[in-house]
Each structure stands twice: as structure tokens, then as C-alpha cells.
Amino acid sequence: MRTAWLSGPGGMGVREVDEPGLAGPGDAIVDIVYAGICGSDLWSFRGLVPHAEGGIGHEFLGVVREAGDGVTGLRAGDAVIAPFLFAEGECAECRRGLQPLCERAGIWGKDWAGAQAQSIRVPYADATLVPLPYGAGELDDELARRLIPLCDVFATGTHGVTLAGVEPGDLVAVIGDGAVGISAAMAARRAGAAEVLLIGEQPKRLKVAEAAGAATLHVSRDEDDVAERVRDALGGRAPQRVVECVGMQAAFDTALAIAGPAASVGFVGVPHGVREIAPMRLFGKQLRLAGGVAPARHYLPGFIDDVAAGRLDPSPLVDLVLDLDDVADGYAAMDGGTALKAVLRTA
């Protein structure tokens, strides 16, 4: 089979590797039809996060080819979607819907084979994979654009909204104009926020957020007085909920600076270079701060129901669909900012 292959920083291509096979009764083999390129993959592509030479990618949907004897909820031919990490499903944390805290959890392309590939072995298949209400033949580009964001970025944005405690009528600020930030803005609107302000750097991406119902504020990376501009944009008001979707120190500082008294801040941007969270900044304004890895498997069934019913359409997040052989072009487009999110046809 063919798989995307990261040979080192900036080195992306496709290689032939052995087909996966069942290794245990709870396994399933999935023939991947579509896979996503995530913004977090770029950290490894850029050499900022260590990644051994090999497969990469953690967002996929496909068709079950074979299931082990212990798999009861899936059968060959089922169309399925996967969260960005697998978990065993029976531990206390899994039962609480906190699959990333499972001791046996792992991320595709990091702790397991990469999912930007033509097939993959899935452990704990019943607990990990979610059946889709579509036939295998219905998995086309249009449907993939609606579904692939659910694997990670839309789940992560939604988790940021959950951590921030967004409720109907709230004033919400979202920091970051990547796919996760725009997802958070969409999720905040779905949660009933009265107003959502997304703060970002790229005008093209801000337009996507505006189409999703958010107001936007364009800032430059080296801008010092973002907090004052946010207050001006909100007519002197301060957000009750803030969702930080970048993971850098400057973004974290901005989140704490713009949050109003007794506000809640949810952070889902994977921290890179965040070295300081001054306790007095929280204490003085009585801020609540919560962050963590999104339990995408917990959110997926509801997302899928909403997509199928027409209540949710995250397809605007995907602006590039390519064949697996063109994976290097997909990474280059996302790395250069000309694409927000790319999806690969892997079949």
C-alpha cells in the first residue's frame, strides 16, 4: 500500500509499505478513502516537534475491510470515521468521555502508523471507530469536506468552547484564525453565544469566520496593544468567555489580557513555547482557566447526526482536496498559508 512519508523537516513524499493485518481480536483493518492534513502535522513538517521518519496523519474516514473475532459493532463494508486518537473504551476515563486520558490511548501518526495512507490497522475498533450513516459508495469529495474536520479540528474547537463554559447569550472571543479557531467560533455560535469575535492575522481566513457568523479583528503578529483593540471592537465590553486556539505565549497572554472579570478561558492550542502563566493574572480577575486534548470520540456521534440532518456543515474549513500522490503540495499549501485545510484522496 502507499502512505505519506515524512523523511525529515520539509521532506514529504509517498512510499510503498506492507499492508497491515489483524493482530488481535479487537482489531479492524480500514481501507482509508480520505485523510486530512492537520495544522498540528505542520509542527513536525517544520521540524519544530520531533517526529521519527515514517508515516504521519491522524484524520481519516474509510471502509472496514476486515474485523477481528472480538469486534461486535462493525463488519466488513461499513463506512466509518475515526477520532484522531484511539482508546480502549472500558477504563474509568473512557467511560467519562475523556478518551485522551486513557492509559492505552495513542495518536495515529505519532504512537501508531500514519493515517495519510491507503489502509490502517485500528486497535480497540469498537471503542474507536464510529459508523457513518452513509454507504461506502457515498464517500465523495463533498462528503469528505463535511466529515474530515470532525476527526480533530472541529472537535478541538468545540472542546475549547466546552472548557470555556460558553452558554447562551455569552460574549465570546476566539484567538486564532486556523481551522481550530474557526471551528471554535462555529461551535460558540452553536452553543448559543450572542456574539463571537475571532482575532486573527490572515484576511482570507477571517472571511471564512465571518461567513460562519463571527465578527473578526485583524491583528499583526508583532502588535503590542491587542487587548485595547479588542475592547474597542466590542464597544468597551470584555468577553465573558475566551477560547485560545494557537498555543503560543503571545496568544496566551492576549487571552488572559482580554478576559473580563470572573471570565472563563479555555485553551486547546497545543502549548509551544508557553513558559509563563502568572498566577496573579488569574487571581486578580478571578479567572477560570482550563485546557486539554479534545475527546473527539466523545463528540463524534452527535456531530455526525448533525451533519446528516443538515444542522452542521464544517466544509468551509476545507479549501483544498488532492490525491495522495500530491501530499507534498498539500503540506506546502498549508505551510505557506495558501490553504486553510487540505484533504487527501487515498483510495
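Me: Which strands does α5 lie across?

Reply: This is a predicted model, and in it helix α5, residues 153–164, lies across β13 (241–244), β14 (264–267) and β15. The helix runs at about 155° to β14.

Me: And α6, what does that one lie across?

Reply: Helix α6 covers residues 179–190 and lies across β10 (171–175), β11 and β13. Its angle to β11 is about 175°.

Me: How do the axes of α5 and α6 sit relative to each other?

Reply: They come within 7 Å and cross at roughly 55°. The two helices are therefore oblique to each other. As for handedness, α5 passes α6 in a right-handed crossing.

Me: Which residues meet there?

Reply: From α5 you have Val153, Phe154, Thr156, Gly157, Thr158 and Val161. They meet Ala179, Val180, Ser183, Ala184, Met186, Ala187, Ala188 and Arg190 of α6.

Me: How many of those are nonpolar, polar or charged?

Reply: The residues of that contact split into nine nonpolar, four polar and one charged.

Me: OK, the sheet now. What's the strand order?

Reply: β12-β11-β10-β13-β14-β15, which makes six strands in an open sheet with parallel pairing.

Me: Zoom in on β11 and β12. How many bridges?

Reply: Four, with β11 (residues 195–200) and β12 pairing in the parallel sense. One detail there is that isoleucine 199 has leucine 217 in β12 as its bridge partner.

Me: Switching to β1 and β2. Parallel or antiparallel?

Reply: Antiparallel, over six bridges, between β1 (residues 2–8) and β2 (residues 11–16). Arginine 2 stands opposite glutamate 16 in β2.

Me: What's glycine 10 doing in that hairpin?

Reply: Glycine 10 takes a positive phi near 80° in the hairpin of β1 and β2, which has two residues between the strands.

Me: Last one. What does UniProt list for residues 24–132?

Reply: The unreviewed UniProt entry lists them as "domain: Alcohol dehydrogenase-like N-terminal". In the model, the chain over residues 24–132 is 14% helix and 29% strand. The end C-alpha atoms of that stretch are 24 Å apart.

Key:
Residues numbered from 1 in each chain as written. Predicted model: local features only at pLDDT ≥ 70, side-chain atom pairs only at ≥ 80, totals over all residues. Heavy atoms only, no water. Pairing = 2+ DSSP bridges. Contact = heavy atoms within 4.5 Å. Axes fitted to C-alpha atoms, helices over the stretch in contact; angles between N-to-C directions. Parallel < 35°, antiparallel > 145°, perpendicular 65-115°, else oblique. Left-handed = near helix turned anticlockwise from the far one by under 90°. Nonpolar A, V, L, I, M, F, W, Y, C, P; charged D, E, K, R; others polar. UniProt positions renumbered as here; feature names shortened; annotations may be inferred.
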